[in-house]
Amino acid sequence: MDDLERQFEETVARHDRIEPRDWMPEGYRRTLVRQIAQHAHSEVIGMQPEGAWITRAPSLRRKQVLLAKVQDEAGHGLYLYSAAETLGVTRDELEARLMSGAQKYSSIFNYPTPSYADVGTIGWLVDGAAICNQVPLCRTSYGPYGRAMVRICKEESFHQRQGFELLMTMMRGTDEQRAMVQESVDRFWKPALMMFGPPDAESPNTARSMAWGIKRHTNDELRARFVEMTAPQAEALGVTLPGNDVDWDELKRVVSGDGPCNAERLAHRQQAHDDGAWVREAASR
Ligand code: FAQ
């Protein structure tokens with residue numbers, strides 16, 4: 001082990017930060033680009049399922065809140081792309097890898113949002129899962145990623161509360177509204193559990209990422225923490241959570257491109273990218 005490598009290992013062991021100009025193993029750099037890019041793509045593609053309800057929100061207040069939330073997600077994508085760029089990749093390269101399927105985004109955004117209750121359920125469960133997964137990432141070993149996560153987590157907490165508040169309002173409404181909430185929770189619960197990744201025994205990256213201080217907990221630990229955090233909230237809302245037995249083949253199928261909305265999400269993203277060509281051109285002059 002040479003001096004640079006020893007210095008890297010010692011910094012990680014002290015739970016100190018690695019910064020962009022520090023020496024780092026190529027595998028560490030590659031893992032970070034993969035994880036940060038996947039996270040950035042998730043934020044940007046993740047604007048679509050809720051974004052579909054902006055024009056149909058039931059009141060001006062609900063529309064304002066939803067618009068602000070979806071804009072926050074765009075902002076999260078920008079912080080994360082910027083963090084990834086400090087590792088020597090460009091935004092254009094990352095965009096190309098997303099569109100070619102070489103890089104993925106979270107499986108959860110390949111599910112449809114046919115009901116307005118889904119807006120609340122995404123805030124409550126999807127942002128709730130994101131918080132459980134991401135709060136420990138504020139202490140990740142790579143400085144720019146950890147600092148981006150601090151701000152993102154503050155906004156995700158607000159997103160989670162707005163989702164819970166929306167669902168609570170519907171639960172205090174009519175029988176029909178209560179049924180809409182339960183039906184939405186029934187569809188989103190297991191996909192939300194899948195956001196934490198495959199079970200530890202089938203997770204090829206966890207051990208290495210934990211040794212490097214990129215991840216601070218295993219997938220199953222974080223999933224269990226989410227279930228524990230959510231159960232009393234479900235009780236307060238008056239909804240029943242379906243069981244926790246997940247079909248892991250479904251996660252594999254959805255990640256490899258065969259989910260209910262994969263093609264639609266990528267086509268929409270491509271269209272938005274093409275529509276923005278004039279902005280990129282003007283900005284580069
Ligand atoms: N979907 O060995 P592991 C949000 C892939 S929150 C798709 O366990 P790792 C906020 C994994 O990448 C959502 N792919 O991998 C929001 C790996 O792929 P590869 C985004 C998945 O990295 C809310 C392979 O399977 N959050 O956007 C999934 O150690 C509302 C093997 O898995 C983050 O990205 C999945 N569910 O652990 C926005 C958080 N699970 O490249 C809008 C940061 C696994 O080796 C609205 N990321 N894979 O073929 C992480 O914490 C980790 O990357 C995990 C996966 C935990 C996701």
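The legends below describe close-up views of a predicted model, moving from the ligand to the pockets and the cavity.

In this predicted model, local features need pLDDT of at least 70 and side-chain atom pairs count only at pLDDT 80 or more, while totals for chains, interfaces and linings use all residues. Residues are numbered from 1 along each chain as its sequence is written, and side-chain values use heavy atoms, with hydrogens and water left out.

**View 1. The shell of residues around the ligand.** The ligand is surrounded by 34 residues, of which Q38, S107, S203, K215 and N219 are the closest; a residue is near the ligand if one of its heavy atoms lies within 4 Å of it. Sorted by class, this shell has 13 nonpolar, 13 polar and eight charged residues, where Ala, Val, Leu, Ile, Met, Phe, Trp, Tyr, Cys and Pro count as nonpolar, Asp, Glu, Lys and Arg as charged, and the others, Gly among them, as polar. At least two shell residues are supplied by each of α2 (26-45), α4 (60-85), α6 (117-134), α7 (143-171) and α11 (248-255), and the largest share, six residues, comes from α2. Helices are DSSP runs of H or I with at least four residues, strands are runs of E with at least two, and both are numbered from the N terminus.

View 2. Through a backbone N or O atom, S107 lies 2.9 Å from a nitrogen atom of the ligand, and a backbone N or O atom of M194 lies 3.0 Å from a nitrogen atom of the ligand. The side chain of S203 has an N or O atom 2.7 Å from an oxygen atom of the ligand. Taken alone, the ligand exposes 1100 Å², and the protein buries 88% of that, with areas from the Shrake-Rupley method and a 1.4 Å probe; for residues, only the protein chains shown count as cover.

**View 3. The largest pocket, where the ligand sits.** On a 1 Å grid over the protein atoms alone, a pocket is an open set of points with protein on both sides within 12 Å along at least five of seven lines, a cavity is a set where a 1.4 Å probe fits but cannot get out, and lining residues have an atom within 4 Å of a point. A molecule sits in a pocket or cavity if more than half of its atoms lie within 2 Å of its grid points. The largest pocket has a volume of about 1200 Å³, a volume being the space filled by probe spheres set on points joined across faces, edges and corners. Among its 47 lining residues, Q38, S106, M195, F196 and G197 are the closest to its centre, and α6 gives the most to the lining, with seven residues.

**View 4. The second largest pocket.** This pocket, with a volume of about 300 Å³, is lined by V44, M47, Q48, A74, L78, R91, H268, R269 and A272. Helix α12 gives the most to this lining, with three residues.

**View 5. The largest cavity.** R62, V65, L66, Y116, V119, Q162 and L166 line the largest cavity, whose volume is about 40 Å³. The largest share of this lining, three residues, comes from α4.

Terms used. A polar contact is a pair of N or O atoms within 3.5 Å; within protein, one must be able to donate a hydrogen and the other to accept it, and residues adjacent in sequence count only if both atoms are side-chain atoms.
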